[in-house]
Amino acid sequence: MADNAPDEQDGASGRSQYHGVPANALPLTAAEDRQWATLAHFGGILGCVPSLLIYLIFRERGPFTAQESKEALNFTLPPTVAAVLANILVLLPAVGNLFAVLATAIWVALTCFSVSAGIRVNHGQPHRYRFNLRWIK
């Protein structure tokens with residue numbers, strides 16, 4: 001080890017000099033709260049994964065984001081599962097084309113509803129999907 005390199009351990013406490021405090025996330029500002037809530041709805045274009053990630057990461061940091069990402073997650077979860085199953089069933093020789101049309105219709109509907117909700121939430125208004133199972137409370 002080089003002579004001028006700092007010691008890795010602090011002699012008094014036995015801790016590394018790079019030991020820090022745990023990271024505590026700051027609460028979201030009102031603009032950031034609205035932004036992440038909007039992105040949770042717009043993420044429905046890609047299925048339930050974006051709203052799930054936003055819900056898990058930001059639910060404790062902003063009340064509007066928690067509410068809207070949970071609503072988006074509850075709405076996008078069943079169609080995402082149905083679309084994945086339809087895409088798998090596309091491989092069946094006799095009815096594959098029917099499932100391809102079904103998967104496309106699910107994606108188009110999910111996209112339309114997600115964009116509509118995202119625009120409304122971006123204006124600061126909460127959005128409730130008319131047909132939503134609300135599995136996550």
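This report describes the helices, the helix contacts and selected residues of a predicted model.

## Overall make-up

The chain contains four helices and zero strands. Read from the N terminus, its elements follow the order α-α-α-α. The chain has 137 residues, of which 31% count as buried.

Among contacts in the chain with a separation of 6 or more, 67% are accounted for by residues 24 or more positions apart.

## Packing of α3 against α4

Two packed helices are described by the angle between their axes and the distance between the axes. For α3 and α4 the angle is about 170° and the axes are 7 Å apart. An angle over 145 degrees counts as roughly antiparallel, and α3 and α4 are therefore roughly antiparallel to each other.

On the α3 side, the contact is made by Phe64, Glu68, Phe75, Thr76, Pro79, Thr80, Ala82, Ala83, Ala86, Asn87 and Leu89. On the α4 side, the residues are Gly96, Phe99, Leu102, Ala103, Ile106, Leu110, Phe113, Ser114 and Val121. By type, the residues of this contact divide into 14 nonpolar, five polar and one charged.

## Packing of α1 against α4

Helix α1 covers residues 30-42, and its axis comes within 7 Å of the axis of α4, with a crossing angle of roughly 170°. α1 and α4 are therefore roughly antiparallel to each other. From α1, the contact uses Arg34, Ala37, Thr38, His41 and Phe42. From α4, it uses Ser114, Val115, Ala117, Gly118, Ile119, Val121 and Asn122. These residues divide into six nonpolar, five polar and one charged.

## Phe42 and Ile119

Phe42 is found in helix α1. Leaving aside residues up to four places away in sequence, Phe42 touches Ser114, Val115, Gly118 and Ile119. The C-alpha atoms of Phe42 and Gly118 are separated by 5.3 Å, although the two residues are 76 residues apart along the chain. Phe42 has a relative accessible area of 30% and is partly exposed.

Ile119, one of the residues touched by Phe42, lies in helix α4. Ile119 is partly exposed, at a relative accessible area of 43%. Ile119 and Leu39 are 80 residues apart in sequence, and their C-alpha atoms are 9.9 Å apart in space.

## The salt bridge

The count of salt bridges comes to one. It joins the side chains of Arg128 and Glu71, with an N to O distance of 3.7 Å. Arg128 lies in the segment after α4 (96-122) and Glu71 lies in helix α3 (residues 63-89), so the pair ties together parts that are 57 residues apart in sequence.

The two partners differ in accessibility. Arg128 counts as exposed at 55% relative accessibility, whereas Glu71 is buried, with a relative accessible area of 6%. The cut-offs are under 20% for buried and over 50% for exposed.

Val81 lies in helix α3. With a relative accessible area of 46%, Val81 is partly exposed. Val81 and Gly47 are 34 residues apart along the chain, and 8.8 Å separates their C-alpha atoms.

Val101 lies in helix α4 and counts as exposed, at 58% relative accessibility.

## Annotated transmembrane regions

An unreviewed UniProt entry carries the annotation "transmembrane region" for residues 36-58, 72-92 and 98-121. In the model, residues 98-121 are 100% helix and 0% strand. The end C-alpha atoms of that span lie 35 Å apart.

For residues 36-58 the chain is 74% helix and 0% strand. The end C-alpha atoms of residues 36-58 are 8 Å apart.

Key. Residues are numbered from 1 along each chain as its sequence is written. This is a predicted model: local features need pLDDT of at least 70, side-chain atom pairs count only at pLDDT 80 or more; totals for chains, interfaces and linings use all residues. Side-chain values use heavy atoms; hydrogens and water are left out. A salt bridge is a side-chain nitrogen of Lys or Arg within 4 Å of a carboxyl oxygen of Asp or Glu. Helices (H or I, at least four residues) and strands (E, at least two) are DSSP runs, numbered from the N terminus. Buried means under 20% relative accessible area, exposed over 50%, partly exposed in between (1.4 Å probe, protein chains only). UniProt positions are given in the numbering used here, feature names are shortened, and annotations may be inferred rather than shown by experiment. Axes are lines fitted to C-alpha atoms, for helices over the stretch in contact, and angles run from 0 to 180 degrees between N-to-C directions. Angles under 35 degrees count as roughly parallel, over 145 as roughly antiparallel, 65 to 115 as roughly perpendicular and the rest as oblique. Contact means heavy atoms within 4.5 Å. Ala, Val, Leu, Ile, Met, Phe, Trp, Tyr, Cys and Pro count as nonpolar, Asp, Glu, Lys and Arg as charged, and the others, Gly among them, as polar.
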